[in-house]
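Thank you all for coming.

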Amino acid sequence: MTASATATSVAVHPASEPLPLSRDVRPLRLITCGSVDDGKSTLIGRLLWDTKAVKEDQAATLQRDSGKQNDLGLPDFALLLDGLQAEREQGITIDVAYRYFATDRRSFIVADTPGHEQYTRNMATGASTADLAVLLVDARAGLLEQTRRHATIASLMGIRQFVLAVNKFDLVGYDRAIFEKISHEFKELALSLGVRQITAIPMSALKGENVVYPAPAAMPWYDGPTLVETLELATVRSAQAGGFRLPVQRVSRPGESFRGYQGTVAGGSVKPGDSVVILPSGMVANVKQIVTFDLVRNAAVAGDAITLVLDRQVDVSRGDMIVSLDAQPMTGLEFEAQIVALQPDGIEPGKRYWLKSGSRRQRVSVRPTSQLDLATGSWRAHVEPLQMNAIGRVRLSFDEQAIFDAYEQNRSTGAFILIDPDTHNTIAGGMITSKRSGGIGIRYEGERVVLSLPADLADQIMASELFASRRDETDVRRMSASQAADIFANAAQDI
Ligand SMILES: Nc1nc2c(ncn2[C@@H]2O[C@H](COP(=O)(O)OP(=O)(O)OP(=O)(O)O)[C@@H](O)[C@H]2O)c(=O)[nH]1
């Protein structure tokens with residue numbers, strides 16, 4: 001960000017005004033998925049072409065190279081993506097190409113990922129940052145297993161807006177009944193995955209019908225939006241909603257009098273005077289100052305790189321997270337997650353890996369509990385190590401307190417990678433789904449009360465204080481925070 005852009009944002013948001021929750025200037029990120037030959041490259045090429053994102057020299061080359069080959073006399077838009085093809089052939093590990101285009105109303109970033117089955121991980125990578133998925137089908141073939149697979153992965157990665165592009169509609173005589181059948185089946189699939197924002201569009205990527213321009217002559221019965229109109233109206237998933245999150249990357253101590261905590265805001269917003277908690281220690285402080293590289297700011301939002309100064313001396317180190325007092329993330333020793341295995345060796349149950357999330361790196365052991373059957377979309381109890389490209393549900397067990405949001409709530413503090421400590425390879429990418437509440441609550445063994453306590457330190461202290469008077473008869477273990485709270489409430493009545 002330039003100094004003047006920063007200065008403008010200071011002027012626009014004086015301290016007394018609430019910060020806007022989303023910035024309309026953020027481009028919409030979308031992913032396109034389809035089986036081989038459904039026309040994905042043609043569609044992206046057409047989008048770039050009709051929104052004039054193609055540079056003049058590229059356009060001239062395109063006209064020249066494709067002129068001979070196309071019996072419709074149209075450029076072969078897929079050629080625009082040739083560069084990507086070359087990258088693919090070199091076997092680049094995570095194979096996603098991002099392309100930019102814009103209309104008068106909005107800008108877009110499209111992630112293009114290969115359609116073959118073995119590229120699940122690429123699709124998962126592209127989907128992890130996308131706001132919307134465009135799923136392509138060939139109108140002649142309808143929904144395929146691959147459509148289900150892609151829709152399932154997209155929904156797992158948190159995408160809640162789908163566009164079904166029923167492509168090659170020129171090859172089925174623009175038959176309305178075909179469109180209605182395919183879109184009906186797709187809506188059922190999307191709804192079963194929890195996706196409710198669904199738009200189906202009949203189109204011809206090759207001819208440019210219903211991509212950027214409508215095609216009333218070819219499809220007089222269709223009065224819905226074009227693809228671009230749908231994209232213009234789609235919503236950007238905001239990592240800024242929810243509580244303030246600052247994973248601390250560095251403690252800055254240029255002189256005796258100054259101590260600041262540096263990092264990139266991973267969620268929410270912050271302003272001087274806000275109360276914050278440092279995790280995992282649980283210490284509370286207030287924000288005294290927010291500093292960027294050259295300015296004192298009166299607010300910061302997700303995506304801003306800042307130095308935070310607190311109003312008191314607290315112990316903060318790299319890997320800690322500074323969060324808002326009133327909307328805290330989950331802390332605990334056990335979490336449930338979904339992962340995509342990225343390496344040929346797969347995931348070995350029980351092996352200890354490094355987990356990296358933001359600036360934090362921790363030892364973790366990983367136990368797969370089920371695996372997604374991509375053909376049917378159902379989960380089956382897990383028996384073997386997760387193979388490369390498999391999607392599994394796992395249980396993560398940490399030695400020390402871990403701090404996460406659910407991925408649904410925050411794509412930054414809810415995401416992680418797993419690293420093999422022997423090879424240093426990234427062996428999986430994952431998303432936190434929930435915290436696992438630890439123990440079995442309370443039970444009686446003869447005269448003894450066996451109390452299970454949460455991993456959370458605060459709750460342990462609360463419950464052990466509570467039972468201090470009966471300590472001799474009480475064996476303290478872990479339990480969920482809500483169980484501890486119930487016991488506290490009941491016991492307080494007894495006393
Ligand atoms: N008639 C017609 N042909 C189309 C349309 N869209 C794409 N095609 C043709 O279908 C073929 C495959 O299109 P591509 O864009 O290369 O398909 P893809 O899905 O990107 O394929 P991969 O890159 O191999 O995954 C090409 O010959 C296109 O010209 C369409 O709307 N109508």
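This is a predicted model: local features need pLDDT of at least 70, side-chain atom pairs count only at pLDDT 80 or more; totals for chains, interfaces and linings use all residues.

Residues are numbered from 1 along each chain as its sequence is written.

Let us stay with helix α7, which covers residues 176-192; helices here are DSSP runs of H or I with at least four residues, strands are runs of E with at least two, and both are numbered from the N terminus. The buried residues of α7 are Phe179, Ile182, Ser183, Phe186, Leu189 and Ala190. Seen down the axis, these buried residues fall within an arc of 120°, so they line one face of the helix, the arc being that of the directions from the helix axis to the C-beta atoms. The elements that cover them include β4 (132-138), α6 (145-156), β5 and β6 (197-202). Just after α7, Gly194 takes a positive phi of about 85°.

Now for some backbone details. Most residues other than glycine have a negative phi, and most peptide bonds are trans. Tyr174, in the loop between β5 and α7, has a positive phi of about 55° although it is not a glycine, and Tyr174 counts as buried because it has 20 C-beta neighbours inside 10 Å. Asn210, in the loop between β6 and α8 (227-233), likewise has a positive phi, near 65°, and with 28 C-beta neighbours inside 10 Å Asn210 also counts as buried. A cis peptide bond, with omega about 10°, joins Leu279 and Pro280, and Pro280 is found in the loop between β11 (275-279) and β12 (283-291).

What about the ligand? Of the 17 residues around it, Gly39, Lys40, Ser41, Thr42 and Leu206 come nearest, where a residue is near if its C-beta atom, placed from the backbone, lies within 6 Å. Helix α2 (residues 40-50) gives the largest share of this shell, three residues.

Stepping back, the protein has 10 helices and 26 strands, and 41% of its 495 residues count as buried.

Finally, how confident is the predictor? The pLDDT, which is the predictor's confidence in each residue from 0 to 100, averages 76 over the protein, and 70% of the residues score at least 70. Confidence is lowest in helix α1 (residues 3-12), at a mean of 28, and highest in strand β5 (residues 161-167), at 97. For the complex, the predictor gives an ipTM of 0.97 and a pTM of 0.65.

Note on methods. A residue is buried if 20 or more other C-beta atoms lie within 10 Å of its own, exposed if 12 or fewer, and partly exposed in between; C-beta atoms are placed from the backbone. The expected span of a helix is 1.5 Å times one less than its number of residues. Two residues are in contact if their C-beta atoms, placed from the backbone, lie within 7 Å.
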